[in-house]
Amino acid sequence: MVTIKSLEDLKKMREEAQRKQELKSASGKTEIIVGMGTVGIAAGARPVLNTLVEEVDKQGLSDKATVSQTGCIGICRLEPIVE
């Protein structure tokens, strides 16, 4: 658990998150992320993930886009969620 005691702590946390995001997108590919927590799966995320993977392959976009999954995104009422 992270404890934020000052505005400076919050700024450092934000900078670290931005740095991590920049590293993820350094490949230049579009990243498509599907929430695959238990609620997401129950709401139909698995067929959504499979369809996205198939379409990226079918359209020949695997050099421009990646499809990946993550756990719970935290907005259960909106599942399935694709970012």
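**Terms and model**

I count a residue as buried under 20% relative accessible area, exposed over 50%, and partly exposed in between, with a 1.4 Å probe and protein chains only. I am working on a predicted model, where local features need pLDDT of at least 70 and side-chain atom pairs count only at pLDDT 80 or more, while totals for chains, interfaces and linings use all residues. Residues are numbered from 1 along each chain as its sequence is written, and side-chain values use heavy atoms, with hydrogens and water left out.

**Entry: Glu79**

I looked up Glu79 and found it in the segment after strand E2 (65–70). Strands (E, at least two residues) and helices (H or I, at least four) are DSSP runs, numbered from the N terminus. Is Glu79 buried or exposed? Glu79 counts as buried because its relative accessibility is 12%.

I then looked for a salt bridge, which is a side-chain nitrogen of Lys or Arg within 4 Å of a carboxyl oxygen of Asp or Glu. Glu79 has none. Its nearest side chain of opposite charge is Arg77, 11 Å away. For this I took Lys and Arg as positive and Asp and Glu as negative; His and the chain ends are not counted.

What does the side chain of Glu79 reach? It reaches the backbone nitrogen of Ile81 at 3.2 Å. I note the rule for a polar contact: a pair of N or O atoms within 3.5 Å; within protein, one must be able to donate a hydrogen and the other to accept it, and residues adjacent in sequence count only if both atoms are side-chain atoms.

I listed contacts next (heavy atoms within 4.5 Å). Leaving out residues up to four places away in sequence, Glu79 touches Gly35, Val39, Gly40, Ala43 and Ile73. I also checked Met36: it is 43 residues from Glu79 in sequence, and the C-alpha atoms are 9.3 Å apart.

The bond from Glu79 to Pro80 is a cis peptide bond, with omega about -5 degrees. Pro80 is also in the segment after E2.

**Entry: salt bridges**

How many salt bridges does a search of the whole structure find? It finds two.

One joins the side chains of Arg19 and Glu16, at 2.7 Å from N to O. Both residues lie in helix H1, three residues apart, about one turn of the helix. Arg19 is partly exposed at 42% relative accessibility, and Glu16 is partly exposed at 32%.

Another joins the side chains of Glu55 and Lys58, at 3.0 Å from N to O. Glu55 and Lys58 are about one helical turn apart because they sit three residues apart in helix H3 (residues 45–58). Glu55 is partly exposed at 30%, whereas Lys58 is exposed at 61%.

**Entry: Asp57**

I found Asp57 in helix H3 as well. Asp57 counts as exposed because its relative accessibility is 51%.

**Entry: surface patch**

Which residues form a nonpolar patch on the surface? They are Val2, Ile4, Leu7, Leu10 and Met13, with about 460 Å² of accessible area together. I looked at Met13, which is in helix H1 (residues 7–24) and is partly exposed at 35%. Patch members have over 30% relative accessible area and no salt bridge; like charges are joined within 9 Å, and nonpolar side chains (Val, Leu, Ile, Met, Phe, Trp, Tyr) within 5 Å. The areas come from the Shrake-Rupley method with a 1.4 Å probe; for residues, only the protein chains shown count as cover.
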